[in-house]
Amino acid sequence: AMTEDVILLTPLSPSTGFFVQPQNSAEFRNRGYEVALNLRPITTQDFGWDVGLQWARNQSLVTQLDAATFIPVDGTNTLTPYSVAIEGYPVGVFYDFGWVRCGLSPNGMGAAVSGVDLATVCAGQPTGALYIGDSGFPVADPNRRVLADPNPDWTGSVRTGLRYGKWQLSGLVDIRHGGDIHNGTRSALYSYGTHKDTEQRAVCDGTTCTGNEKTFGQGGWFDGPVVGPGAGMAVPIGENWYRQGLGAGVFAGNSDGFFEDGSYVKLREVSLGYTLDNDWVRRTLGLTSLDLRVAGRNLKTWTDYTGLDPETNLGGAIQNTRGMDYFNMPQTRSFVFTVNLNR
């Protein structure tokens with residue numbers, strides 16, 4: 001474990017004439033574990049097989065934060081949801097307005113729903129159960145809170161290589177388990193009405209049209225436990241939800257509903273090589289050997305994330321933020337041919 005003081009661009013009152021100031025305003029604790037195992041199950045003169053396994057876990061925690069309730073970790077981030085340092089949470093968690101949920105939204109003083117005792121309504125329900133108002137729709141929580149954590153639970157990789165005579169074949173698989181992604185691309189396309197999910201398949205009888213009714217918590221529509229007076233009520237879903245309602249996501253000032261699991265398994269690389277070391281190579285080219293290799297990188301991704309690539313990040317490699325997807329380009333797939341000349 002390692003604990004260190006951190007300088008962050010801490011927000012200031014605009015009346016000072018400045019918006020932020022670099023301050024030694026936080027204390028972070030970081031704990032990491034890594035395990036690696038390398039094996040050679042078979043090694044002979046003509047054939048060899050080696051396997052490498054790696055597993056790692058890194059856990060950060062903001063143990064102390066001065067001068068502010070939260071601080072954007074890149075200091076200047078104006079995009080929502082904010083990626084912040086907030087005491088008692090990992091570094092970079094998402095902080096914004098969400099929907100009223102059991103065990104997460106406040107009750108009593110500063111209650112998320114006026115005149116409603118959430119403790120009674122949510123009795124026996126799991127944390128995160130969605131509160132449905134009497135209109136049949138979720139209700140916006142007027143209090144900001146931590147909504148998601150982009151940090152993975154663990155990462156790993158599996159590497160293997162085969163050698164047969166002068167041929168070499170190798171492969172690498174990367175694994176990320178856990179870590180939330182805010183799919184801002186889906187949020188924007190919902191608001192524009194251009195996402196496939198917003199397509200309506202109405203059934204009309206000449207006078208009225210039906211088919212766009214959905215029930216929160218049922219039929220694949222935000223499946224999960226729901227509570228409240230509107231639980232189980234079918235409601236029309238169209239522009240009223242995707243553009244004018246909470247279904248517009250950050251365009252509606254609310255980030256809930258657009259966080260997705262960013263877990264993935266990636267076929268990172270497959271390569272095939274051959275070594276030429278015959279008399280022709282030595283006599284004609286004056287070389288001891290010639291290595292030929294073809295490789296494909298980022299070939300396949302297995303994930304439940306509905307965006308283009310769960311490995312994407314709006315801030316790129318130069319910012320401390322992670323897990324933000326807003327019309328980002330996916331990782332490129334490439335094919336490389338290599339020739340090594342050995343003397």
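Student: Leaving out residues up to four places away in sequence, which residues does Thr-275 touch?

Tutor: Good place to start, and keep in mind that this is a predicted model. Thr-275 has its place in strand β18, which covers residues 264–276. Setting aside residues up to four places away in sequence, the ones it touches are Lys-166, Gln-168, Ser-289, Leu-290 and Asp-291.

Student: Which side chain makes a polar contact with the side chain of Thr-275?

Tutor: Asp-291 is one of the residues that Thr-275 touches. The two side chains are joined by a polar contact of 3.0 Å. The partner you want is Asp-291.

Student: Does Thr-275 count as buried or exposed?

Tutor: Here we need a cut-off: buried means under 20% relative accessible area. Thr-275 has a relative accessibility of 17%, so the residue counts as buried.

Student: And Val-35, is that residue buried or exposed?

Tutor: Val-35 lies in strand β2, residues 20–43. A residue is exposed when its relative accessible area is over 50%. The value for Val-35 is 52%, so this residue counts as exposed.

Student: How many Å apart are Val-35 and Trp-55 in space, C-alpha to C-alpha?

Tutor: In sequence, 20 residues separate Val-35 and Trp-55. Beyond its neighbours within four places in sequence, Val-35 is in contact with Leu-53, Gln-54 and Trp-55. From C-alpha to C-alpha, Val-35 and Trp-55 are apart by 5.3 Å.

Student: Let's look at strand β3. Why is Leu-65 called buried?

Tutor: Leu-65 is found in β3, which spans residues 47–65. Leaving aside neighbours within four places in sequence, Leu-65 has contacts that include Ser-25, Phe-70 and Ile-86. The cut-off for buried is under 20%. Leu-65 is buried because its relative accessible area is 10%.

Student: How far apart in space are Leu-65 and Asn-24?

Tutor: Along the sequence, Leu-65 and Asn-24 are 41 residues apart. In space, the C-alpha to C-alpha distance between them is 9.5 Å.

Student: Which cysteines does the disulfide join?

Tutor: The structure holds one disulfide. The pair links distant parts of the chain, with one cysteine in the loop between β6 and α1 and the other in the loop between α1 and β7, 20 residues apart. With an S to S distance of 2.0 Å, the joined residues are Cys-102 and Cys-122.

Student: Now for the largest pocket. Which strand gives the largest share of its lining?

Tutor: The largest pocket holds about 540 Å³ of space, and 19 residues line it. Two strands, β8 (140–148) and β17 (259–261), each supply at least two residues of that lining. The largest share is three residues, and they come from β8.

Student: How many residues of that lining are charged?

Tutor: Among the lining residues nearest the pocket centre are Arg-101 and Asp-256. Arg and Asp both belong to the charged group. The lining divides into 10 nonpolar residues, three polar ones and, as charged residues, six.

Student: Stepping back to the whole chain, what percentage of its residues count as buried?

Tutor: The secondary structure of the chain comes to four helices and 21 strands. Among contacts between residues at least 6 apart in sequence, 66% join residues at least 24 apart. Of the 343 residues in the chain, the share that count as buried is 37%.

How values were computed
Residues are numbered from 1 along each chain as its sequence is written. This is a predicted model: local features need pLDDT of at least 70, side-chain atom pairs count only at pLDDT 80 or more; totals for chains, interfaces and linings use all residues. Side-chain values use heavy atoms; hydrogens and water are left out. On a 1 Å grid over the protein atoms alone, a cavity is a set of points where a 1.4 Å probe fits but cannot get out, and a pocket is an open set with protein on both sides within 12 Å along at least five of seven lines; lining residues have an atom within 4 Å of a point. Grid points are joined across faces, edges and corners, and a volume is the space filled by probe spheres set on the points. Buried means under 20% relative accessible area, exposed over 50%, partly exposed in between (1.4 Å probe, protein chains only). Contact means heavy atoms within 4.5 Å. A polar contact is a pair of N or O atoms within 3.5 Å; within protein, one must be able to donate a hydrogen and the other to accept it, and residues adjacent in sequence count only if both atoms are side-chain atoms. A disulfide is a pair of cysteine sulfur atoms within 2.5 Å.
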